[in-house]
Amino acid sequence: MSETIRLTGLERHFERGETAVRALRGLDLTIESGEFVALVGPSGSGKSTLLNLLGGLDRPSSGELWLDGVPLHTAGEKERTDHRRERVGFVFQSFNLLPRLTAVENVAVPLMLSGVGRAEREARAAELLQQVGLGHRLDHYPTELSGGEQQRTAVARALIHNPALILADEPTGNLDSETGAETMALLRDMNAQQGITLVVVTHDPDVAAYANRIVRLRDGAIAAIEGEVKVNGVGETAVARPASHNPGLRTADSIRSAFSNLRRRPVRNVLTAAGVLIGIITLVAMVSMGVGVQREVQRNFETMGLENIFVSPTYGETDEFDPFASPEPVAPITPDLVGRIAALDGVSSALPTLNLPSGIDLSLIWDGQPYSARSSNSFGSGQNFGPFNASEVMAGHGFETDNGRGVVLSNGFADDLLADGQTYDDLIDQSIQITVQLPRGETADFDTVIVGVRESFNSRVMDLGLEEREAIKTWWFDQPDILEREGYDMLTVRAASLGQVGQVADIIESFDLNAQTLEAILETANDVLSLLQALLGSVGGLALLVAALGVANTMMMAIYERTREIGVLKALGASRREIRTMFTIEAGLIGLIGGFFGLIFGTLLGRLVDWIAHRFLIAEGVTGVGQLSIVPLWLALGSLIFAALIGIVAGLYPAGRAAKLDPVTALRHE
Ligand code: ADP
Ligand code: MG
């Protein structure tokens, strides 16, 4: 005969305010392996307290408690978890089946906690349910089972991992006498056939009568022991123990349970995930716009050529403030100066830019007919410089590389001028007149030729050559020497090679001019964009902080609602770490789900803003703009990981609380 349980001087005290409740007062008892013992006694006599100690759910205040040679009185958290997982099966008065799981899944939980694969554990569970007469109820949920069926399911769950010891606390307390008797018969058979040690708490004498020995407790002490030690199931006592290396709960099972648990409170969890979703939408939309705009700017700068140096005049400080005086440049960009710069070493070209007076009224005379027109932009000689302005030339040439002379028409404008059967090419080199009208009514005509047609969404737009601009401006202000005195508005200097850009810029600056290289402009643009992104990103970040609080709150509520289940899982052998992992995964999933939809909607929002921006730009006559909202892989993955991390971080504290719950208290939770 091998002893399974030995207690000596076992005490358990509870603090209750100032006074200590002595629930167990020095118990001495030995129970042999294979015995069937009933613990009886009035309410409050310490039966449950003793059972919880035997199950490793609680720790004694003093005394010794040996189980299978293991000192449970000194055992730490991990050893007590192993004890519950491997040696003990619990049967509770209120069944304590997990409501979201079917009968088969419930029975399989202890094996799941031992890392047994799903197919195997559910096959074994089904077999066991057959044995307890529930073969026809495998896929039923607890609410679909009668009390007796639930308790038989619970007994099957207690047996599935071949425990050495079954502890049942008033297993018939919630059953009528008939189903109670069935349950007791079932337990007795397990004890008789398999030699599993059975300790049943009851205050029903009929139930106690099934046992071979009855231990009577009164006020935390043993009042009497009745009956003889009888070891059942001898010869088969070699109970098959689970393998000692226990892999524990599998990650796949944690994730599956997390999903199943999330579905219990769909509305609440969807709302919580929506918080994350909103944050991620903001973040994804903002960052994608940032990435897209940055790329577009870069691309445009690159097509414009990094060899370009943009030269503008500097303006001196004036002593007195005169709102009507236009500022005088320190060194005007005169035609003479342009010539000197063009002749510099390392300069391949110098193209001046001249703005037309604002509010100028232009029209074209074609075939004796006037057509009102608009100059493409107030600045430039018609060169398509500046980001987002490169548009396709459809006939002739534009002013991209040459200031030249003549006029480039928008395709819409050209359409108006074409006779039947003519193409744009027929317009090239045709003479045409520009009529300019002063505000006071005087007009002047300028002869010119059509040199090109380019694509534009604006109909009556044309680009004027530098010569035309000079002529128009001179006439407009009636000052033949205006260029010599005021100079051009800007000069685009092209360095012969990239390496000479810096040196040429330095020389130009020594002429008291402003020299901007694209690199410098690009850097500034990037700085501004980065700042913008950081600002918008922090809005998204703030939204996510709020979302994190939502996740934490939801998890706290979930844990409160499921306190009892956590107690059950612990009794069945779930470790603290596993409980923590389960809830952390749940929180991470809320974040991930919010992040997933946030990513989708954020991408769509970026596209929408992109589309609106394009409509707007096209209405403004700006074409050739690429996609402004781009979601690169790093952004997609990053936002998903970030969202999951937010959930996980927000869930850390609640999950820690769940993990630390005392199983005895948790099991008592309503
Ligand atoms: P039984 O199961 O025999 O009805 P219990 O073992 O549950 O009795 O309780 C024995 C005594 O210990 C009772 O007086 C009870 O109030 C007290 N007790 C049990 N658990 C606690 C606890 N967690 N805190 C304080 N007192 C407790
Ligand atoms: Mg009790």
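Which residue is the bridge partner of L39 in β9? In this predicted model, for which local features need pLDDT of at least 70, side-chain atom pairs count only at pLDDT 80 or more and totals for chains, interfaces and linings use all residues, that partner is V215. Residues are numbered from 1 along each chain as its sequence is written, chains are lettered from A and ligands numbered from 1 in the order in which they are written, and side-chain values use heavy atoms, with hydrogens and water left out.

Strands β3 (residues 36-40) and β9 (residues 213-218) pair in the parallel sense over four bridges, where strands are DSSP runs of E with at least two residues, numbered from the N terminus, and pairing requires at least two DSSP bridges. Both strands belong to an open, mixed sheet of six strands in the order β6-β7-β8-β3-β9-β10. Its edges are formed by β6 (88-91) and β10 (221-226), each of which pairs on one side only.

Helix α1 (residues 47-54; a DSSP run of H or I with at least four residues) lies across β3, β7 (165-169), β8 (197-201) and β9, contact being taken as heavy atoms within 4.5 Å.

Ligand 1 is surrounded by residues that include P42, G44, K47, S48, T49 and R668, each with a heavy atom within 4 Å of the ligand. Polar contacts are pairs of N or O atoms within 3.5 Å; a polar side-chain atom of S48 lies 2.8 Å from a ligand oxygen atom, and a side-chain N or O atom of T49 is 2.5 Å from an oxygen atom of ligand 1. A nitrogen atom of ligand 1 is 3.3 Å from a side-chain N or O atom of R668.

Notes:
Axes fitted to C-alpha atoms, helices over the stretch in contact; angles between N-to-C directions. Polar contact = N/O pair within 3.5 Å; in protein donor to acceptor, adjacent residues only side chain to side chain.
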